[in-house]
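Here's a quick tour of a two-part model, taken piece by piece. Have a look at it first, then read on.

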Amino acid sequence: MSAHPTAAGGYQPVFLGKTREQLDTILKRYPNKQAALLPALWLVQEARGWISDRNMAEVAEVLALTPAYVKGVVTFYTMYHQHPVGRNFVQVCTTSPCNLCGAEGVVKAFLEHTAARDLGATSPDGSWTVIEVECLGACGFATPVLINDDFIESVTPEKVPALVRKYREGRR
Amino acid sequence: MGYPHKPHPKETAVLSKHFGDAEARSYKGWVKRGGYEAWKQAQAMTPAAIIEELKNSGLRGRGGAGFPTGLKWSFMPKEKKKPHYLCVNADESEPGTFKDREIMRWTPHQLLEGTAIAMRAIQAEVGYIYVRGEFTEPFAIMAQALDEASKAGILGDLKIYLVRGAGAYICGEETALMNSIEGKRGNPRIKPPFPAAAGVFGLPTTINNVETLAAVPPILKNGAAWYKAMCLSNPKSTGTKLFSVCGHVQRPGNYEVTMGFPLKDLIYDMAGGVPKGRALKACIPGGSSVPILNREETESCLLDYEGCAEKGTMLGSGGVIVFDDSADMVYQIMRLARFYAHESCAQCTQCREGTAWTTKILQRILAGQGKSTDLDLLLDLSENMTGKTICVLSDSCAAPVVSGIKKFRGEFEEYLAGRRKPVMVA
């Protein structure tokens with residue numbers, strides 16, 4: 001990112017340079033600024049990994065909304081992180097069809113092999129967070145797992161160690 | 001990641017004709033396969049003529065409600081005074097359903113072509129395709145297809161944009177989806193006004209499911225009569241439909257059949273039936289929001305809107321969840337209730353409280369601490385959750401509970417009487 005003065009309190013705005021351009025392109029798709037809120041929040045999460053209160057205030061300012069309104073929207077949608085998560089974020093589907101096909105075993109295997117231990121907790125080295133999610137919409141490919149933006153089908157407990165190795169190494 | 005099966009001889013491949021054919025994903029590949037011919041045809045037709053053709057085809061909405069598509073389009077103002085919008089519902093999240101994902105992954109241009117035709121029919125200049133946030137791969141494929149189609153100039157003046165959802169089942173409800181596009185919490189709206197009068201941004205809007213729009217190009221190309229002739233049972237249900245089969249079956253996947261096809265053949269012939277040595281116990285034929293069928297009902301059910309209604313259930317989205325005799329129905333129903341409790345937008349009291357309490361009571365039963373009055377309590381709760389809220393999420397939670405207690409009461413009673421080992425901790 002290019003050099004620019006940081007705002008008071010050392011906050012580095014997200015919507016500068018290329019990210020600002022991306023937002024401007026998105027704004028053209030809608031009749032008002034508010035409609036760009038979900039895409040703007042995605043841009044923040046892509047840039048920072050999660051969405052802090054300060055980020056929400058920036059989004060509010062850019063889109064002429066109130067921070068409270070932005071927070072109301074962020075808290076509605078489960079994919080926006082309101083806290084930092086591990087570098088590898090694992091989402092395992094455990095809704096009924098996957099449950100029938102053994103999804104619980106897949107969750108258990110991820111918790112074991114990543115050292116994340118508890119659902120929603122991040123491993124001590126900051127590299128893994130594992131959560132259970134509701135229906136990922138790939139029930140015929142049980143158990144689907146999202147690791148970061150990679151949608152992986154037909155995961156079984158036996159396949160978990162290799163997947164964990166792959167992402168651990170890939171991120172080095 | 002590949003398409004999991006070769007077409008079964010009993011399938012009628014219209015929408016799924018090019019599934020598994022990677023070349024069909026590109027603009028060039030799609031054109032080579034006769035793509036965008038229907039769109040060219042539509043451009044030479046008046047909007048009224050396109051709508052008439054759709055009405056004659058008998059196509060009904062494939063998202064779950066089964067509303068006639070041509071009729072829905074005809075509700076849009078004929079005389080255009082304000083901007084018109086089309087929303088494409090690609091927020092596929094109904095447990096058991098994974099058909100729209102496959103359409104977007106394999107035939108993105110089929111959806112774009114159907115979208116373009118629909119936009120012409122309803123005189124919309126802007127179309128938003130709302131894809132659920134978790135569908136990273138379909139989103140990327142759609143984005144590339146849109147880019148290629150735009151570069152080729154095939155879409156003319158139409159403005160089509162992709163919108164990424166952010167994890168909310170309820171955004172598949174049409175007005176919640178519109179709120180989400182507007183940058184709001186995905187709360188469903190009170191109807192009326194209906195979208196054709198005041199939809200996204202308060203302007204006339206039509207919203208269609210992915211599978212519905214994907215069926216539009218073949219209808220224009222081959223004619224309404226051709227589509228209407230594809231019917232095995234009730235003439236009110238025409239054409240083909242993708243059924244997503246999952247759960248306890250040997251060959252899960254999407255199978256496309258003509259309306260009125262026997263559910264039994266779909267499960268046993270196409271999906272290979274339940275694993276060896278086990279027996280079919282139950283089936284949810286239209287995604288988790290519809291009443292559960294027992295074995296007898298499953299084996300005599302015909303897959304069309306009327307055939308499902310005859311068995312006291314619904315065709316819904318065509319998500320077929322199969323349970324064999326190893327399934328604990330009490331646990332499975334709890335797991336479904338937990339899904340709805342998680343996904344309730346919490347606007348309506350009956351839903352916010354009802355889905356949560358239904359889950360808690362079922363968990364108490366599974367922990368061996370159920371009370372003898374719990375089943376009546378669940379039924380009473382369900383009654384107060386049905387037909388009383390802004391949208392049908394609450395009803396969807398009640399459907400498996402009520403049908404589950406009715407058809408598998410013995411399993412609940414075993415927990416209540418202490419004859420079944422608790423599977424949960426209180």
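## Chain A: two domains

Let's start with the layout of chain A. The C-alpha centres of domain 1 and domain 2 of chain A are 29 Å apart. Domain 1 covers 13–76 and domain 2 covers 88–170; those bounds come from an automatic or database domain assignment.

Before going further, some ground rules: this is a predicted model, where local features need pLDDT of at least 70, side-chain atom pairs count only at pLDDT 80 or more, and totals for chains, interfaces and linings use all residues. Residues are numbered from 1 along each chain as its sequence is written, with chains lettered from A and ligands numbered from 1 in the order in which they are written.

## Helix α7 of chain A

Helix α7(A) spans residues 160–170, and its buried residues are V160(A), L163(A) and V164(A). (Buried means 20 or more other C-beta atoms within 10 Å of the residue's own, exposed means 12 or fewer, and partly exposed is in between; C-beta atoms are placed from the backbone. Helices are DSSP runs of H or I with at least four residues, strands are runs of E with at least two, and both are numbered from the N terminus.)

Looking down the axis of α7(A), the buried residues sit within an arc of 100 degrees, so they line one face of the helix. That arc is taken over the directions from the helix axis to the C-beta atoms. The cover over them includes α6(A), residues 103–114. On the other side, A162(A), R165(A), K166(A), E169(A) and G170(A) are exposed.

## Strands of chain B

Now for β4(B), residues 205–209: five of its five residues are buried, so the strand is largely enclosed by the rest of the structure. T205(B), I207(B) and N209(B) point one way, while T206(B) and N208(B) point the other. Strand β1(B), residues 85–90, runs parallel to β4(B) and is joined to it by five bridges, with Y85(B) opposite T205(B). Two strands count as paired if DSSP finds at least two bridges between them.

There's also an open five-stranded sheet in chain B with mixed pairing, in the order β6-β5-β11-β8-β9. β6(B) and β9(B) are its edge strands, each pairing on one side only. Inside it, β8(B) and β11(B) run antiparallel with four bridges, and C283(B) has V322(B) as its bridge partner.

## Where the chains meet

In all, 47 residues of chain B are in contact with 32 residues of chain A, contact being C-beta atoms, placed from the backbone, within 7 Å. On the chain B side, α14(B) gives the largest share, six residues.

Notes. Contact = placed C-beta atoms within 7 Å.
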